[in-house]
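Work through these exercises with the sequence and the model open. Try each task before reading its solution.

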Amino acid sequence: MSDGSVFRGCIPALMTPCDEQGKPNFGALVDHGKRMIDAGMSGVVYCGSMGEWPLLSDAQRQDGVKALVDAGVPVVVGTGAISPAVAADHARHAQRVGAAGLMVIPRVLSRGTSVAAQRNHFAAVLAAAPDLPSVIYNSPYYGYETKADLFFELRDRFANLVGFKEFGGADSLSYAAEQITSGDDGLLLMAGVDTQVFHGFVRCGADGAITGIGNCLPDAVLRLVDLCRKAAAGDVLARRYAKELDDALAVLSRYDEGPDLVMYYKYLLYLQGFREYRNHLEPTDGLSPRQAAFAESQLQLFQAWWDQWVPQCEA
């Protein structure tokens, strides 16, 4: 089994490019994954919330995963599914084709609030891919919060459970650090939402980050992660610069918290010339004209600031 080093870096959660009818374009998906690796990302996530797994067929999801793996892109596979058996099948497929890891999503809709059901769901997924390092994806959007007692019950049974991705806010990240990942170098904490990167690394000892806005601004997000790591080690100047960059990204990062995150980040890529991100898997999805205008103005504002700030930061 891999040591899970893919989780120790910054990992963009890929969106699914598609045509006007919502048919996935896996060639464009691979191209974007390669761009992210070339930019310095440690891997990519596919078929989490950003990949809109509920809108893809199981075959489409697995085709996308295999395309990324075959292209040499280290991919962490999201296992979201209504059926525990289907979730386990996605894990099994990920191991078979050579994925880099799993992001294990809780059981949804059916018995989603039952601890017993979640225990069995997680166990089935972890058992299906024993050679893949895996993190549990904790998010209020899935309607279930994994606590320390269940995590360690699973950890005692499955050596491939190596960490915890927290998508919640500062309090949730603090809980994960204090109750789950601190004091054990074998356990990894992932800051799972763009608005909590500084808090996650500097105050909670995060080992890595999963990012949405990093798809659109990889250099800025990688710089933020690097500065946060240095700040966590006590570098005063790095802490100051990390706070400045985090503040400059605030509006664009906050899209990661909302239900329109995919539409926003696809639009920002489209504005940067990636026409393959013009469409959505559900053709009726899209930003309103006001949302689009505001997002464009915020991207322009950040880019103007970034062009001036980088030389000052490196002076």
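## Exercise 1: a loop residue

Isoleucine 213 lies in the loop between β8 (208-211) and α8 (218-232). The model is predicted: local features need pLDDT of at least 70, side-chain atom pairs count only at pLDDT 80 or more, and totals for chains, interfaces and linings use all residues. Residues are numbered from 1 along each chain as its sequence is written, and side-chain values use heavy atoms, with hydrogens and water left out. Helices (H or I, at least four residues) and strands (E, at least two) are DSSP runs, numbered from the N terminus.

**Task.** Decide whether isoleucine 213 counts as buried or exposed, and list what isoleucine 213 touches.

**Solution.** 
- Step 1. Take the cut-offs: buried means under 20% relative accessible area, exposed over 50%, partly exposed in between (1.4 Å probe, protein chains only).
- Step 2. Isoleucine 213 has 1% relative accessibility, so isoleucine 213 counts as buried.
- Step 3. Contact means heavy atoms within 4.5 Å. Not counting residues up to four places away in sequence, isoleucine 213 touches Asp194, Val221, Leu252, Ser253, Tyr265 and Leu268.
- Step 4. For scale, take glutamine 118, 95 residues from isoleucine 213 along the chain; their C-alpha atoms are separated by 30 Å.

## Exercise 2: a helix residue

**Solution.** 
- Step 1. Check leucine 227: 11 residues from alanine 238 in sequence, and 5.2 Å away in space, C-alpha to C-alpha.

## Exercise 3: helix pairs

Two packed helices are described by the angle between their axes and the distance between the axes. Axes are lines fitted to C-alpha atoms, for helices over the stretch in contact, and angles run from 0 to 180 degrees between N-to-C directions. Angles under 35 degrees count as roughly parallel, over 145 as roughly antiparallel, 65 to 115 as roughly perpendicular and the rest as oblique. A crossing is left-handed if the near helix is turned anticlockwise from the far one by less than a right angle, and right-handed if clockwise.

**Task A.** Classify the packing of α1 and α2.

**Solution.** 
- Step 1. Helix α1 (residues 26-39) and helix α2 (residues 58-70) pack at about 45 degrees, with axes 9 Å apart.
- Step 2. α1 and α2 are therefore oblique to each other.
- Step 3. Their crossing is right-handed.
- Step 4. The contact uses Phe26, Leu29 and Val30 of α1, and Gln60, Asp63, Gly64, Ala67 and Leu68 of α2.
- Step 5. Sort these residues: five nonpolar, two polar and one charged. The classes are nonpolar (Ala, Val, Leu, Ile, Met, Phe, Trp, Tyr, Cys and Pro), charged (Asp, Glu, Lys and Arg) and polar (the others, Gly among them).

**Task B.** Do likewise for α3 and α4.

**Solution.** 
- Step 1. The axes of helix α3 (residues 84-97) and helix α4 (residues 115-128) come within 7 Å and cross at roughly 25 degrees.
- Step 2. α3 and α4 are therefore roughly parallel to each other.
- Step 3. α3 passes α4 in a right-handed crossing.
- Step 4. Pro84, Ala87, Ala88, Ala91 and Arg92 of α3 meet His121, Ala124, Val125 and Ala128 of α4.
- Step 5. The contact residues divide into seven nonpolar, one polar and one charged.

## Exercise 4: aromatic pairs

**Task.** How many aromatic pairs does the whole structure hold? Classify the pair of phenylalanine 151 and phenylalanine 152.

**Solution.** 
- Step 1. Rings of Phe, Tyr and Trp (its six-membered ring) pair if their centres lie within 6.5 Å; planes under 30 degrees apart count as stacked, over 60 as edge-to-face and the rest as tilted.
- Step 2. The search finds 13 aromatic pairs.
- Step 3. Phenylalanine 151 and phenylalanine 152 are 5.4 Å apart, centre to centre, with 85 degrees between the planes: edge-to-face.
- Step 4. Phenylalanine 151, at 0% relative accessibility, counts as buried. Phenylalanine 152, at 31%, counts as partly exposed.
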